[in-house]
Amino acid sequence: MSPLETFIQQLINGLVIGMIYALIALGYTMVYGIIQLINFAHGEIFITGAFIGLAVFGALPGALGLGNLWALVLMFALAMAGCGLLGVLIERVAYRPLRKSPRLACLITAIGVSFILQNVLMLIWGPVDKSFPVFFKHSALTFGAFRVTFMQSFIVISSLVMMLVLHFFIRRTMLGKALRAASEDMTAARLMGINVERIISVCFLIGSALGGAGGLMYGMYYNTITFHDGYLAGIKAFTAAVLGGIGNVPGAMLGGVALGMMEGLGAGYLSSEWKNVFAFLILIILLLRWPSGILGKFRHE
Amino acid sequence: MNRRGIGLYQATKKIPRRAVNVFILLILFALPLFDRNQYHLEVLVSAGIFAILVLGLNVMTGYCGLLNLGYAAFFAAGAYTYAILNVRFGWSFWVSLPACIISAGAFGLAFGSCALRLKGDYLAVVTLGFGEITRIALNNMDSLTGGPNGLTVAHPALWLPHKRLAFGINSLPYYYLTLLAILVTVIIVSRLSSSRFGRAWIAIKEDEVAAACLGIHTGKLKLLAFCIGSALAGFAGWLFAGKQGFVSPESFDFITSIMLTAMLVFGGMGSIPGAIVAALALTIIPEVLRPLQQYRMFFFGTVMIVMMLFRPQGLFGGVRIFEEFRPESERIRQEEDEALGEDLRQ
């Protein structure tokens, strides 16, 4: 492979993982946009999606005699539904009572929730790596020297579809309009008769469902998951959200893809041992130097 | 609290604070006379080291309101300074103490001077990132830190007039050393908290803009709190490395930082007895529940959530710090009126 081709191949790999980051980042950014909370538990919700998918695959399709495609649909549907409900439940139990507390109190609770979820995942599925079934065996499209596996194109296309649906929802529906209003000014939205608590629940529902779908894709892409994978992926997705401008939905998509590509290139050309340092370094530098990100506007406290 | 509870509370107030402190200290010094169980002392020593850490974190987070999710990095700075000085340069335990405190403090100063332009949750995320970078760096810089295998360092020893008393792996000397270290830390932190600095920190935590308007140099004072907090973590790290005789990156991970935060939250931000009691309780309870070891994170997570939901000021919560500015806090207002009345009478 020529250097240019290697470069492009790394970009493609980065794009795929970036799409997953973008899906998780959407959850962070939607929640931050509306209640200014860094939902630390989101990383765990994300990996819960992968575990739910795995459980569904293990339990249902065999019994129902379904083909691979239907199994896939079922896995996504249940993972997204389960994660969405989990997100709403967490918001109801842990964050809603603290709506009037200082923001740090909420953040500490969020970390607590994330710890509990990690522990629960470990208790249910054990501390060892779980391997994922291989979908789309060995099938790849080759364009000259580049290889794009079916899995990769599946991830890119289905996340693009989900993001487009989300975009349409936020821009074109009544509920989306209410959501935008609430994230602009919660008090004013409440005065206009918008049920802000319900909007917040919807936010958690959509964000967590997208995170769950991302988790399932992550599991299928890497073929193995553990209970603490959510933490690192969560931090990276948060970095992506900040990179795109936190609180900004198209920004999260852009930031995810950008971060994925940067990371792909960094791991490919520099060193993979320090790969995770890049994400943290990018996060620190961004927050210190460019907190508004690509598309966001920074709100001073 | 019911009426009788308040009565009891008032009665305890009549006993001079100093007498209570001396009494507790005496019990703690005499404890090994009654309980020579190595395992018990070992647990108490770990709890003591956590207590110093929580006291240090208390200066940053409890007084000044700077949430630090990478506090383990400063703990690591102290521990690794001793380890590297000992292994590479042959420095002894006692001689390395100033170096450990200074290096951790300098680490805090350097990081704080960049990071403290951020506030609240953004600061928390940056400290988290910093903590992780430190851990990954310790893991990967094999030539200096021994990488994931860690470094084996010398236990401390005392030179008495006629013989050399090596601490070894006996827990007893570490118990007294830790007790002494906690005592020194408590004196430093309590003096700081009642000084101009302490009052300024609390003012910054409550309302930074108002504090700045009153002429407090918020930037410098926040940096000072950050620096002192990290120096105390370095102190604890020094003690930890000497006691363990071994340091490796996994002692300084994200979970350690969160555990310390949970202890601080449990004891009550800004409370010195709270920090110590919480460190003791949250070290001893998981030890007692050893069969339930795999529920550890669950336990710490629950502590954090329950405290934030039902008692955000913590067990020993400095009630004043949290409720001072809330008009509905009737009791505080009454106390304040009484105090004002006394002042006027004098």
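Is the crossing of helix 12 of chain B and helix 14 of chain B left-handed or right-handed? This tour gets there in two stops, then moves on to the chain contact. Keep in mind that the model is predicted.

**Stop 1: the helix pair.** Select residues 254-267 of chain B, which form helix 12. The crossing is left-handed.

**Stop 2: the side chains between them.** On helix 12 of chain B, show B:Ile258, B:Met259, B:Ala262, B:Val265 and B:Phe266. On helix 14 of chain B, they meet B:Phe300, B:Val303, B:Met304, B:Met307 and B:Met308. By class, this contact has 10 nonpolar residues, with no polar and no charged ones.

**Stop 3: where chain B touches chain A.** Show both chains. The contact takes 33 residues from chain B and 32 residues from chain A. On chain B, select helix 5 (93-115), helix 6 (120-140), helix 12 and helix 14: each gives two or more residues to the side that touches chain A. Helix 6 of chain B gives the largest share, 12 residues. Color that side of chain B by class: 22 residues are nonpolar, 7 polar and 4 charged.

**Stop 4: confidence.** Color chain B by pLDDT. The average is 84, and 87% of the residues score at least 70. Now select residues 319-328 of chain B, where pLDDT stays under 50. For this stretch the model has 12 contacts beyond four places in sequence. For the model, the scores are ipTM 0.83 and pTM 0.85.

Definitions and conventions: Residues numbered from 1 in each chain as written. Chains lettered and ligands numbered in written order. Predicted model: local features only at pLDDT ≥ 70, side-chain atom pairs only at ≥ 80, totals over all residues. Axes fitted to C-alpha atoms, helices over the stretch in contact; angles between N-to-C directions. Helix = DSSP H or I, 4+ residues; strand = E, 2+ residues; numbered from the N terminus. Left-handed = near helix turned anticlockwise from the far one by under 90°. Contact = placed C-beta atoms within 7 Å. Nonpolar A, V, L, I, M, F, W, Y, C, P; charged D, E, K, R; others polar. pLDDT = per-residue confidence, 0-100.
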